[in-house]
Amino acid sequence: MELRVMIIDDDKIFNLMTTVLLRNTGITINPISCTSGQEALALLLSPTTQDTAFLLFLDINMPMMSGWEVLARIEELACPPPIYVVMVTSSIDEADKAKAMSYERVIGYMVKPIKREKLIALKNVIALTDFFSY
Amino acid sequence: MIGEQHYSVVFQALPIPCLVLLPNAPEFTIINVSDAYAEVTNTNRCDLIGKGFFEIFPNSPYLSDTIWKNIFDEVIRRKKPCKVAPQKYAFPTADVPARLDVKYLEVVNTPVLDAEGEIEFIIRSMTDVTDTIYHERFLEDTQHAARIGSWEVNMARQTVTWSVGLRKIYEVASNYCPDFDSTMAFYPDESDRQKIKQAFQKAMKDGTVFHIALPITTAKGHRRWLSVVGKADLVDGTCIRVYGISQDITDTKRLTDLDHLERTILELNAQRTTSLKAILADYLLGLEALLPGIYCSIHRVKDGHLLNWVAPSLPLSYTSSLHNLPIGKKTGSCGTAAYSKKRVIAKDIANDSRWAAYKHLALPHDLKACWSHPIMDSGGEVIAVLGMYYKQVKTPNHDELIIIDRTSSLLKTIIESRQNADLAQETTAMMAQGQELACFGNWQRDFETDRTTWSPTLCDIYGINPAAYLPSFEHYLALVHPDDRERVMHIVKQIHQTGNDTVFEERIVRPSGEIRHIRSWARLLTNGDNVPIKLIGACLDITETKQAELTLKNLHAELEKHLKEVEESEKKYSDLFHLSPQPMWVYDLETYRYLDVNAAAITHYGYTREEFMSMTIKDIRPPSEIQKMEAAVALSRQHDKLFSKGIYKHRKKNGEIIHVEVRSNIIKSHGRKAEIILAQDITEKLYYIEAIEAQNKKLQEIAWMQSHMVRAPLARIMGLVDLIQHVPESGIENSELLDAINSSAIELDDILRSITAKAEQINLT
């Protein structure tokens with residue numbers, strides 16, 4: 001099964017920086033950048049996503065549709081593909097972290113700016129180890 | 001030889017009164033008279049000689065003229081001596097001729113025949129048997145009175161002679177001629193016949209006197225008891241006769257048997273092992289044996305009714321028909337006797353008015369006479385009725401009346417004594433039971449024997465073993481509590497000195513050490529000389545009562561204390577209510593009416609007390625709040641205790657709407673279910689809360705902006721710098737990165753300016 005990495009943030013500069021770091025840390029060569037939740041959901045529901053697992057770097061604070069709303073929509077999907085989410089935010093509110101970790105599919109919580117070490121450590125998360133074994 | 005003239009002298013001197021008559025009927029001339037005759041007849045010899053017999057004695061006061069005139073007919077006819085049975089004669093006395101001297105004379109007229117056999121003279125001789133007759137009469141009267149008769153069995157002639165008295169006893173005719181066999185036939189029992197034969201044989205053999213008592217059945221069928229005393233007359237060892245007397249001892253025997261019966265019954269009653277009913281049945285059977293033909297009954301009398309008790313020989317169907325009959329004036333013999341408290345003799349039930357309504361019960365059983373006697377207790381109340389029935393019309397004779405009286409007296413004694421004994425036994429048992437139940441014991445000290453006795457319950461009260469403890473005054477004192485001992489001794493001394501009954505309380509110490517409280521009664525008994533003979537008393541264990549009293553006293557004290565506390569509490573709560581700075585009121589849960597309001601409520605809401613008391617709690621609510629209030633009251637009505645709290649809108653008298661936080665609880669006020677309300681006006685508080693909440697919202701917005709908006713460009717700058725420093729081969733031109741940093745910094749600056757502007761909007765005053 002293929003792991004597709006998606007960066008969902010309305011901040012294009014952040015998306016660019018995250019893309020560089022993902023490539024640099026070897027998590028993925030071609031991450032998909034989405035600047036809104038709707039865009040990300042559309043991709044997740046597209047036929048091409050069959051037999052594909054997704055790793056989402058999902059920003060909480062987005063206009064139109066927040067990261068929480070995206071998460072809620074994913075939970076409502078009838079037969080979703082395997083989707084793993086890392087919640088990303090510039091907020092330092094601990095309540096957000098606690099809320100994020102209450103979702104089963106959320107495997108990480110990162111405060112901007114994202115650190116290389118955090119991304120490298122992500123490879124060792126049990127849910128993802130199959131995708132990063134050599 | 002004496003001469004003829006001498007015969008005349010001899011004749012005159014004969015001691016036997018004699019007359020010599022010529023047979024020249026009807027004159028019968030007297031030709032000679034003995035001196036004895038003249039003396040007996042109070043006549044002179046000279047006056048008689050030559051006179052006709054009937055001229056001198058023309059008549060007899062005790063014989064008819066016909067018989068008198070013919071007194072010589074038999075001797076003339078038979079020409080043989082004729083003996084005339086002793087007869088009564090009357091002769092003038094010597095002193096007063098008008099008086100007659102009565103004599104009994106046995107007269108013999110003897111004919112003197114001539115050579116040709118014709119009567120030449122008649123000698124009339126007389127024997128004065130007056131004394132003999134009187135003695136015989138006396139003996140006969142005595143025998144009759146004593147119901148004694150004499151008898152003789154002549155062995156030579158094999159004849160049996162009975163006296164007149166014996167004939168009367170056997171109720172045979174005066175001309176009855178008994179013999180040995182017919183005599184034996186009067187003894188109905190064969191065993192009795194053998195007894196008398198054996199007695200005769202023994203007497204005839206050795207001449208001893210025999211004495212036996214046997215029953216006979218008289219010629220008229222009456223059963224009588226005879227006491228027979230006999231003796232054989234032996235001549236040279238040969239019995240020539242057996243003679244003796246028989247006495248009718250029926251009454252004596254009956255009374256003796258009655259005595260024996262009464263003694264037996266009394267002994268039986270004294271033993272108390274036999275039921276009263278069985279004793280009475282035995283008694284009645286004994287009476288029935290003594291009085292053949294009688295049938296006895298005893299009915300109890302209770303609540304004016306006859307109740308069957310004992311009637312061993314009467315038909316059950318008859319006695320059953322009498323059961324529970326009311327007593328009254330004409331209710332048969334027994335019912336009438338019980339009612340009138342007098343003996344009732346109904347000699348003929350069929351024709352007795354007192355039996356008119358009941359004879360149909362008795363006559364079918366052939367019961368024709370009934371004598372009833374009431375049995376009365378010492379208080380004069382009829383407790384039973386004795387009934388004596390006969391199957392023939394019969395009036396009681398004197399002896400039977402005596403038996404009835406004796407029987408009634410004994411029945412009274414038996415029944416009453418048994419009832420008293422039963423009552424005494426019951427009372428004793430109840431007393432013992434009562435003593436045990438009430439922890440009540442008694443004691444007595446006998447000064448004459450110096451003996452002290454305690455009842456078992458008293459021993460229990462003192463906790464001592466009666467088998468191992470010898471009661472005495474000293475031992476008793478040793479058990480009295482040391483603190484009470486001197487007082488008790490003083491009380492006892494006072495009793496001896498004054499003789500007054502005394503009641504006192506004391507404490508005793510049981511051998512186990514347990515202290516008990518006792519209430520004691522004591523009484524000194526003295527004899528006729530006022531010398532004390534006994535000190536008697538009773539003790540009641542009142543420990544529980546004392547403890548209960550103490551408990552009650554403590555409870556009372558506690559109650560008083562509690563009441564005082566309640567009073568104080570009520571005052572405190574009243575003060576808390578009336579002096580509370582918060583508005584408070586009490587309202588009736590049913591009517592919504594105010595029952596009480598405090599000063600703060602009056603001040604805060606603007607109504608006077610009187611206005612409040614005429615209002616309901618609905619009157620201080622705006623219309624929009626009525627439904628909410630009614631729901632809250634409905635909930636309170638369902639509970640006896642319910643503390644609740646809520647926020648409501650109230651309306652003051654001036655129309656101002658205020659927000660109040662209401663705390664309530666359910667109470668009883670003068671017996672009615674009510675609710676006490678504490679109303680705190682939170683209108684201002686709510687205002688402040690609203691203001692604070694608005695400020696908080698702005699502050700939260702600022703914080704959010706700081707957390708999210710400020711940090712977003714800052715985090716971007718930090719990320720870009722990190723990228724430049726640590727990922728030189730990112731594939732992005734540095735100029736592009738620097739532009740991004742620059743735009744992020746501008747963005748950050750704009751955000752900070754925005755936050756400053758927002759903070760300025762917050763009025764923190």
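Colleague: How many residues of chain A are in contact with chain B?
Modeller: In this predicted model, 16 residues of chain A are in contact with 17 residues of chain B; contact requires C-beta atoms, placed from the backbone, within 7 Å.

Colleague: Which helix gives the most to that side of chain A?
Modeller: Helix α1 (residues 12-25) of chain A does, with 6 residues. Helices here are DSSP runs of H or I with at least four residues, and strands are E runs of at least two, numbered from the N terminus.

Colleague: Another topic: what does UniProt say about D59(A)?
Modeller: An unreviewed UniProt entry annotates D59(A) as "modified residue: 4-aspartylphosphate"; such annotations may be inferred rather than shown by experiment. D59(A) lies in strand β3 (residues 52-59) of chain A.

Colleague: Is D59(A) buried or exposed?
Modeller: D59(A) is buried, because 26 other C-beta atoms lie within 10 Å; buried requires 20 or more, exposed means 12 or fewer, and partly exposed is in between.

Colleague: Which residues is D59(A) in contact with, leaving aside neighbours within four places in sequence?
Modeller: They are I8(A), D9(A), D10(A), G67(A), V88(A) and T89(A).

Colleague: How is the numbering done?
Modeller: Residues count from 1 along each chain as its sequence is written, while chains are lettered from A and ligands numbered from 1 in the order in which they are written. Local features need pLDDT of at least 70 and side-chain atom pairs 80 or more, whereas totals for chains, interfaces and linings use all residues.

Key
Two residues are in contact if their C-beta atoms, placed from the backbone, lie within 7 Å.
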